[in-house]
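Thanks for asking me to look this one over.

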Amino acid sequence: MHSTSSNSPNIILIGFMGSGKSSIGKILASMLNTKFIDLDEYILDTTGAPSINSLFAHLGEAEFRKIELKAFLEANTEQGVVIATGGGTLVSDASLDLDLKNAHIIYLETDFDICKSRAGKNNRRPLFKDPDKAEELYSKRKPLYEKIATITILCDGSPAKIIAEKIRSSLPNS
Ligand code: S3P
C-alpha cells in the first residue's frame, strides 16, 4: 500500500491535453490506495464555474492561470496523493519556478495525433478549438514538460490501466 505519511511525495501527472492525465490518475490513485485530485475539477468546485470554457470566456487566460496556480498550490499541500494537472498548469510562466523537489512529476509523453483524436473531439477545451494552434502549443510545451519531469512514461495510446501500471512500477520503492 502507498504510504501517505508526512513527507510522502505527491505524484503529479503532467502532459498535453488528451494525454490521459485524468483517467490514468484516477486508476493510479486507486491502485495506490490514495486520494486523487483532478485539478480542472478542483477549480470548477472551488470557483463554482460551470466549465473551464466559461472561466476562460469570462476571465481570460491570464486570470485562469492565476486561479489554476493557486488551486495547484493548495492541492499540493496534501501528502502522498495523485494530482492530474491541466496541460498548462506547470508550464505557464508563473509556475516554471516552483520548487517541486518532494514530488514525482510524471510526464505522459503522447503523440500529438493521439492527443488530437481525444481532446479535439469535443468542445470542452478552449485551447483545442483550433487544431493547428494546438499543435503549435504542443511543440512549444514538449521541451518544458521534458525539463520538469522526474519520470517520463511513453504513452503509445495503450489503455489507461496499462499506463497506470507502468507508472507504478517506475516509482522508487515500488
Ligand atoms: C489547458 C488544459 C486543460 C484545462 C484548460 C487549459 C491547457 O486541462 O486546464 O483547458 O492550457 O493545456 P486538460 O489538460 O486536462 O485538458
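This is a predicted model: local features need pLDDT of at least 70, side-chain atom pairs count only at pLDDT 80 or more; totals for chains, interfaces and linings use all residues.

1. The values quoted here are computed from it.

2. Let's begin with the ligand. There are 14 residues around the ligand, and Lys-21, Asp-40, Arg-65, Arg-125 and Arg-141 are the ones that come nearest.

3. Which atoms of Lys-21, Arg-125 and Gly-87 face the ligand's oxygen atoms? For Lys-21, a side-chain N or O atom is 2.7 Å from an oxygen atom of the ligand. Arg-125 also uses an N or O atom of its side chain, with a ligand oxygen 2.6 Å away. With Gly-87, a backbone N or O atom lies 2.8 Å from a ligand oxygen. On its own the ligand has 390 Å² of accessible area, and the protein covers 96% of that.

4. Now to the helices. Two packed helices are described by the angle between their axes and the distance between the axes. Helix α2 (residues 39-47) and helix α4 (residues 61-75) have axes that come within 10 Å and cross at roughly 105 degrees. An angle from 65 to 115 degrees counts as roughly perpendicular, so α2 is roughly perpendicular to α4. On the α2 side, Leu-39, Tyr-42, Ile-43 and Thr-47 make the contact, while α4 brings a set including Phe-64, Ile-67, Ala-71 and Phe-72. By class, the residues of this contact are eight nonpolar, one polar and two charged.

5. Helix α3 (residues 52-59) packs on α4 as well, at an angle of about 125 degrees and with the axes 7 Å apart. That angle makes α3 oblique to α4. Here Ile-52, Leu-55, Phe-56 and Leu-59 of α3 meet Glu-61, Glu-63, Phe-64, Arg-65 and Ile-67 of α4. The contact of α3 with α4 has six nonpolar and three charged residues, with no polar ones.

6. One last item for your backbone check. Most residues other than glycine have a negative phi. Asn-33, however, has a positive phi, near 55 degrees. You will find Asn-33 in the loop between α1 (21-31) and β2 (36-38).

Key. Residues are numbered from 1 along each chain as its sequence is written. Side-chain values use heavy atoms; hydrogens and water are left out. Axes are lines fitted to C-alpha atoms, for helices over the stretch in contact, and angles run from 0 to 180 degrees between N-to-C directions. Helices (H or I, at least four residues) and strands (E, at least two) are DSSP runs, numbered from the N terminus. Angles under 35 degrees count as roughly parallel, over 145 as roughly antiparallel, 65 to 115 as roughly perpendicular and the rest as oblique. Contact means heavy atoms within 4.5 Å. Ala, Val, Leu, Ile, Met, Phe, Trp, Tyr, Cys and Pro count as nonpolar, Asp, Glu, Lys and Arg as charged, and the others, Gly among them, as polar. A residue is near a molecule or strand if one of its heavy atoms lies within 4 Å of it. A polar contact is a pair of N or O atoms within 3.5 Å; within protein, one must be able to donate a hydrogen and the other to accept it, and residues adjacent in sequence count only if both atoms are side-chain atoms. Accessible areas come from the Shrake-Rupley method with a 1.4 Å probe; for residues, only the protein chains shown count as cover.
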